Amino acid sequence: MSAVTPALVKELRDRTGLGMMECKKALGEANGDIELAIENLRKVSGLKAAKKESRTAADGVVAVKVAADNSYGIAVEVNSETDFVARDAGFLAFVNSVLEKAFTTKQTDVAAVMVGELEAAREALVQKIGEKISVRRISLVEGGVVGGYLHLNNRIAVLVQLEGGSEEVAKDIAMHVAAVNPTVVSSDQMPADVVEKEKEIIRAQPDMAGKPAEIVEKMIVGRISKFLKEASLVDQPFVKNPEQTVAQFAKAGGATVKSFVRLEVGEGIEVAVVDFAAEVAAQVAAAKA
């Protein structure tokens with residue numbers, strides 16, 4: 001049996017980023033063979049990653065990259081379980097690797113991007129960090145003039161596509177999208193079911209009670225118009241100059257807005273609320289049983 005020396009442990013730690021005791025144990029099981037130890041650790045990392053898949057990863061970061069000629073851009077969201085991990089250098093390096101591959105291939109299918117080395121890197125990161133790590137979504141915007149904006153906290157990423165205009169105009173509108181969060185580019189893009197649901201909400205409001213049907217309908221038309229303007233990007237007051245709409249700002253820059261993508265970390269993910277006191281009490285009760 002080969003001796004597990006401190007030098008071997010240090011080398012394995014340097015190569016894997018894992019803790020001393022885990023490296024020492026792996027080397028012992030591999031009889032000091034560092035390559036075998038790494039192979040075994042990679043197998044274990046896959047098992048650990050699989051075990052954590054049932055957990056919820058609703059934190060993390062987003063990232064964005066736009067081509068030098070502004071012809072296309074990619075935005076990605078990669079999730080972790082805590083904001084502490086979302087600031088980890090290794091996690092951020094992994095996010096950048098995902099972004100670069102998606103950017104190079106123009107691939108938005110997460111499974112296709114992750115196949116091979118990136119999936120192995122994700123599993124190794126799960127083993128090292130001890131949290132679920134998942135690539136949630138990848139968005140591509142292509143054609144015309146594309147500009148991107150990443151909010152300073154790395155939690156909101158935006159891509160905007162213009163017809164005409166410049167990178168600067170696209171970036172400014174992307175910043176607006178990050179701040180105001182419009183639903184659609186223009187009111188005619190609002191899904192009919194969303195409009196109908198809004199009408200139902202308006203009809204149920206207390207000030208509608210007892211009014212003649214024709215008055216109710218007129219009030220609904222007015223409030224729906226207001227709702228659509230507030231939700232439509234081009235009709236919103238531009239954040240840098242509320243005296244003009246986004247459409248007017250774009251027109252002044254020789255552009256019209258064609259589309260946008262906005263990714264915000266964790267949006268739409270349901271996070272279970274854990275009652276830690278009850279959890280501990282249950283564990284104590286079980287131990288006494």
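The side chains of Lys-106 and Glu-142 come together in a salt bridge, with 2.6 Å from N to O. Lys-106 sits in the loop between α5 (89-105) and α6 (110-114), while Glu-142 belongs to strand β3 (residues 134-142), so this pair ties together parts that are 36 residues apart in sequence. Here a salt bridge is a side-chain nitrogen of Lys or Arg within 4 Å of a carboxyl oxygen of Asp or Glu. Helices (H or I, at least four residues) and strands (E, at least two) are DSSP runs, numbered from the N terminus. Lys-106 is partly exposed at 35% relative accessibility, and Glu-142 is also partly exposed, with a relative accessible area of 43%. For these labels, buried means under 20% relative accessible area, exposed means over 50%, and partly exposed lies in between (1.4 Å probe, protein chains only).

The structure is predicted, so local features need pLDDT of at least 70 and side-chain atom pairs count only at pLDDT 80 or more, whereas totals for chains, interfaces and linings use all residues. Residues are numbered from 1 along each chain as its sequence is written, and side-chain values use heavy atoms, with hydrogens and water left out.

Side chains of opposite charge can pair when their charged atoms come close. Searching the whole structure gives 16 salt bridges. One of them joins Arg-155 to Asp-59, whose closest N and O atoms are 2.9 Å apart. This pair links distant parts of the chain, 96 residues apart: Arg-155 is in the loop between β4 (145-150) and β5 (156-164), and Asp-59 is in strand β1 (residues 59-66). Arg-155 is partly exposed, at a relative accessible area of 28%, but Asp-59 is buried, at 15% relative accessibility.

Another salt bridge brings together the side chains of Glu-264 and Arg-262, at 2.9 Å from N to O. Glu-264 is partly exposed, with a relative accessible area of 29%, whereas Arg-262 counts as buried at 13% relative accessibility. Salt bridges can also be joined up: Glu-77, Arg-136, Arg-137 and Glu-267 are linked in a network of them.

Attention now turns to a helix. Helix α7 (residues 117-129) contains 13 residues and spans 18 Å from its first C-alpha to its last, close to the expected 18 Å at 1.5 Å a residue. That expected span is 1.5 Å times one less than the number of residues in the helix. Within α7, the residues Leu-118, Arg-122, Leu-125, Val-126 and Gln-127 are buried. Just after α7 comes Gly-130, which takes a positive phi of about 85°.
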